[in-house]
Amino acid sequence: MAPAKRCNVSLAATAEKSVKKAKIDINAQVERILESRKNANDVFDILEALESEKEKDVVSAANACSKLFCTLLEKKELFLGKLPGEEEAVSGECSAEEKYQMFMRHRYNSCVELLLEHLSHDLHGVKESALCCLMKFAAGEGKYPLEDLDWTEHYSFPRELLQAVVDRLLSKTTDNSMLISRFQEFLEMEDVRYYVMSSIRENVGKVMDKNKGALVPIYQNNVFTLMSNISIPSQESELTNFMVKQEAKHEDWKAAKLNEHKRVFERMWLGFLKYKLPSNMYKKILVILHDSILPHMSKPTLMIDFLTAAYEVGGAISLLALNGLFVLIHQHNLDYPDFYKNLYNLLEPSVFHVKYRARFFHLANLFLSSSHLPVYLVAAFAKRLARLALTAPPTALLIVLPFVYNLIRRHPSCRVLLHKPSTEGELLEDPYLMDEEDPVKCRALESSLWEIKTLQKHYHPDVAKAALAINTPLSGKEDDINEVLEITTHELMERDLKKSQIKNIPLEFEIATQLLKGGGDVLGQHFCLD
Amino acid sequence: MGKVPKKRSLADKVRKTKTSTEIKNNPFEVKINRKKFDILGRKSKHDVGLPGVSRSKAINKRKDTLLKEYKQKGKSSKFIDKRFGEYDTNMAPEDKILKRFAMERQRVHDKKDLYNLNEEEELTHYGQSLAEMEKFNDIVNSDDESEEKGLLSAELTASHFGGGGLLRKKTSGDHEDGGDGGPRAKSRQELIEELIQKSKQEKRDRQVQKEESQELTEKLDHDWKSIQALMVKKIPRAERVEEEKPKLEQYDMMVRELVFEMKAQPSEKLKTPEELAREEREKLQKLEADRLRRMMGDQVVESSQSQTHMSADDLNDGFILDKDDQKTLSYQDGKWNIEEETEVEKDGEEEEEGQSERRRNLKREMTKRRKMMRRKKKRRRAEEEETSAKPSLSIEELKAQQEAAKAELPYTFTAPESLSDLKDLLHGHTPDNQRLIVARTQKSNHASLAVGNKLKLQKLLGFLLEYVGELATRSPPELTTIDKLIPELYTLCQMFPEAACKTMQSILGDAGHSTEEVLEVKGHLPFPTLDMIIYLKVTALLFPTSDFRHPVTTPALLYISQAITKCPVRSLQDVTSGLVLCCLAVEYVSFSKRFLPELINFLAGMLHLAVQDKTSLGYILVPPFRQSGKCSDLLVVSDTESCKSWSKKSLPLSATQQLELKNDLDRDHHRLMCLSTCLDLVKRCCLLYKDLLSFTHVFQPIRMLLSKHISAQAFPESIQELHNEILETISSVPVTHSRLILEKKKPIPLKLLTPKIVEVLDYGKKRGSTREEREKERLKHKYKKEFKGALREIRKDSRFLAREKLNEVMDRDSERKKKVRELFGSLATQEGEWKALKRRKKK
């Protein structure tokens, strides 16, 4: 609660300076309303201000509302239980006190509605103050429930209000990521998070069913932003921060149990992933899947379907799915029959050019670190990587070469790829079948790594040096590829640019006479100056 | 003799008495020390010993020292030598003797005065009378004086050599008391005079003799001449010539020729670079001055130029000694120009000089001012005269000359301090002139001319490079200017490799940094702008591209590689840029033949852009190209008819920035252009990479593209040719290889358990210790040896003493015995006598 308050104060402070007069007015009205019930009708003025066009007015009005109604809630001057209609309330036979309470409750309801509408306002300031105000109401309602609590088993929580807020947050038309990141601070509270998660699930189900599973990019983006902001503590003892403290049997409350949290979290995600997603959404989810979703699920194995489907999509998405799959295989005993075959088929020239190259090679290194892999498989990987290296940029080559060397080091029987003395002098064509999808049949073991020999003539000195390592028996120690995984071309350039202590810089001895001359005149042959 | 008599030891005596060879040959004297090993190259001193000799030597030494001491033991009185200077070690023995002698003489002399009883006793030295020698001494004394004149007679030297140092000393000693001996001094004086006279006489004689001989020779010459004429006449000339003529053979002629041939003349000293530079600058300055003069031509009063220079005498009063003031001697139209002025000037100068001489004490300022006034007057006059003096030069001509001078570039330039300076300097000039300006700036600021010039030129290099970049970014890019500036850049770069390297590196580093940023945000890059392309090309021109690792070219090539892997091709402009980059890449690796995978990828991608049917491809494309997409048909020729009207011509480099293609035909032509360039590059690559082991796999996509997807028939002939050539080259490369085998290397030797044997090369030397330890060891050893020796000596001494004592005792005993025996004898005789007496009495 504390941050919200602070925020309000600061907001109020900014509003104060700009529209002092209006502010004073509204604050005075609030004071008057709270002072005596005679002035109860002033509440309409405040609500009117809330509907104003000006951002500042709305903000100050929202602040006033929150102050007013929170005080009223505290004083229990709002009508509890089922609220009769406005007309009924006036005509009904009840005491003046009750009538006042009903009146105020009606005003409160309309205020909440107004604020909810403001959540889809154009201006961010309005949205934010409305959100803060609503969350204050929610806190107030939680403390002083508006329902009649006849039986003690019932746990009081303003579920409807929260549901309404979540519905508004997950807009179908506007990108609410700013507001959602503001909302994140409320998600720190365990109970709020719990109920938000269930609300999301309901909302997603409702919306997607309505759209019959078709893509709703903005909506899905909002949902993803909200969901990715949710993180669940790893231990039950950490569940301490509650917005509403239940007086009785707090421990039995669902929102206070970690397992329940996990279950809801899992259902929320599964509910979301059930539907078709845009491909960039896939990527986003897969990027965070392994460290912010899987660990918080009660049964991570439920993700198998999603992951295998993603793995078989191919391209970058497959690469990303690897990470999740790895967690499942590694920690949850998942048996994935054609895993290595698929991995083998993921190796394409584009692997060296995608953004997730470092992550892919890190995982591939992990997968291939097992010493129980069959030789043909390792050889197939080595050969394929070597073949692909013929199209790779130098930064990738600096990864691939040590990678292949490590494979051969781990599996000494692969040494034939580098050294096959029995067939010396015999000339043969490369028997390796690049197009074969099955590593068993690709005849990699019968081949040699001529590609690396080719790379000894690579233009970049570091690559050429690395490739020279195959001339002599490989050293016993594995190369650490983690150092080179993230290397960029610019860093590679810097290596040479920074290393300028060389005493005498060699110069071209051929005297330059014209711009287009020199170096074989390639440029001069095809291009002219103007 | 001045020599110290050498102390003769007993051993020497022994040796002297019996000759050393005799001793050495006596087998009883010689002890041979047997050697265990015969060591080559070692000289041993102690292989033969003479124990007898050395023992006697030792005993004698002891007798001299120890025995004396022993004898003196317990005795309190001793002899003290009271002779003069006996115990003074500082005095040389010669001096001692001399002094003693002098004192003795003095004493005798005094005594003589006292009791002049008998004649002066004669003292001798080496059997000669000392008194007699003193005479010579006097001469020696005179010698001292005559030394200044450098006169030395035979007598003098003779006496000198006979005398030695001792004599000279004596003379000096005599000199002190030499005043009293009147007749002696006189004789000395006489001697000197005589000597001088003698030498003068000799000199005169010689002179006379010389003159006489001269006269005689002259006479002889004269006689000879008179005779010579007679002799010549005897032999007719013609005969002689005829006689000589046949003798002249070719060989002789050649010899003559060679003899008389001009010897190689010493050439002028080679000029140092500094001198050359100075000359160059002087030349430029001269030209510049000339130009300025012509530009000014006439009346224009120069006020702005040459005002920068401030002399030390400048009073800062606005007075400037103008160049034109001082009329130099010059010719115009064949006659001496401005005679009058020079004369006037001369007068003035003289007057001035006189003035300054007269009023030297006047304040300098005053003179200056006056001078100035006079000059001004003079100048005015000169101007008037000049205008009137040159009526021959028409006004038109004058103007034309001026114009020409204006159009001509200045010959010296100050080095620009900033880029904007440089731009100002070069602004508005033609490319050729810009080059000239830069060249002249460089020459007039040559590093050897002034201290700061090196830095200035380095800066100039940096600015030039920046300027080149700026020229390339202008629209339209001024590439011809860049082209002209290249040689200047090259020469500057040759002068300052470090600065060039640093500038280029910073350019590349900045470009790399910005691309990195763009890449992080967007994930792809735009093609490099023209300035970057130019920089890359310039890099290749200035620095060697074939180095394995080079601080500039390696990053540059990396930059190209990044550009052709990360820049998506979206327009024909991009295609052109890409092709330029590919050309550059090929140039970079053309010499070293290094493998550039990105280049092949890019070229394959380019060819893919020309494929019409994008289904069932037999190859995989590498980013930035995609199998299909909105920009994947960029090079597909829309109308096959356009092929006919196409002919190959060079594309302008500016096509990478903006491309104006009005209609489909133009566009098709451009496409064909790109395609032919691309194919040419592919061909070059094929030839470059023919030797690569994986050639077939590297070129597999290109082969597929060319053989399956791009049919040559649809293209003009030149492209068809390229097409066929490439396919032929690819198919001609062998596909088979032998398997990889590790390089054979020397087997690692097994670990051996036999002891390690170290060869000892220097016997008898302690090893395995530090120098200090060795030194300590050596000293210890020496000490031990000395100690032992000392012990031995002491023992010998005590033995000697004991022997002496024993001898003494024995002597004493024997003496006593003798005495006792004598006593007994006398007693016995006494007794006998007594008994005999008694017997006689009895009888």
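Reply: Start inside one chain. Arg107(B) and Glu104(B) join their side chains in a salt bridge, with N and O 2.7 Å apart. Both residues belong to helix H4 of chain B, which covers residues 93-114. Three residues separate Arg107(B) from Glu104(B), about one turn of the helix. The model is predicted, and these values are computed from it. Over all chains, the search of the whole structure gives 27 salt bridges. Side chains of opposite charge can pair when their charged atoms come close.

Now the interface. On the chain A side, 80 residues are in contact with 85 residues of chain B. The size of an interface is often given as the accessible area lost when the parts come together. Between chain A and chain B, about 7600 Å² is buried. Carbon and sulfur atoms give 64% of that area.

Two salt bridges cross between chain A and chain B. In a salt bridge between the chains, Arg549(B) meets Asp496(A), N to O, at 2.6 Å. Several elements of chain A supply at least two residues each to the side that touches chain B. Among them are strand S1 (427-428), helix H20 (450-455), helix H21 (461-467) and helix H23 (489-498). Helix H24 (522-526) and strand S2 (527-528) also belong to that group. H23(A) gives the most, with six residues. By class, the side of chain A that touches chain B has 35 nonpolar, 24 polar and 21 charged residues.

S1(A) is joined by two bridges to strand S8 of chain B, residues 737-738. The two strands run antiparallel. Within this pairing, Leu427(A) stands opposite Ser738(B).

Last, a record for chain A. An unreviewed UniProt entry lists residues 306-329, 360-381 and 388-408 under "transmembrane region". In the model, residues 306-329 are 83% helix and 0% strand. The end C-alpha atoms of residues 306-329 lie 14 Å apart. Residues 360-381 of chain A are 68% helix and 0% strand. Their end C-alpha atoms are 14 Å apart.

How values were computed. Residues are numbered from 1 along each chain as its sequence is written. Chains are lettered from A and ligands numbered from 1 in the order in which they are written. This is a predicted model: local features need pLDDT of at least 70, side-chain atom pairs count only at pLDDT 80 or more; totals for chains, interfaces and linings use all residues. Side-chain values use heavy atoms; hydrogens and water are left out. Contact means heavy atoms within 4.5 Å. Buried area is the accessible area (1.4 Å probe) that two parts lose on being put together, summed over both. A salt bridge is a side-chain nitrogen of Lys or Arg within 4 Å of a carboxyl oxygen of Asp or Glu. Helices (H or I, at least four residues) and strands (E, at least two) are DSSP runs, numbered from the N terminus. Ala, Val, Leu, Ile, Met, Phe, Trp, Tyr, Cys and Pro count as nonpolar, Asp, Glu, Lys and Arg as charged, and the others, Gly among them, as polar. Two strands pair if DSSP finds at least two bridges between them. UniProt positions are given in the numbering used here, feature names are shortened, and annotations may be inferred rather than shown by experiment.
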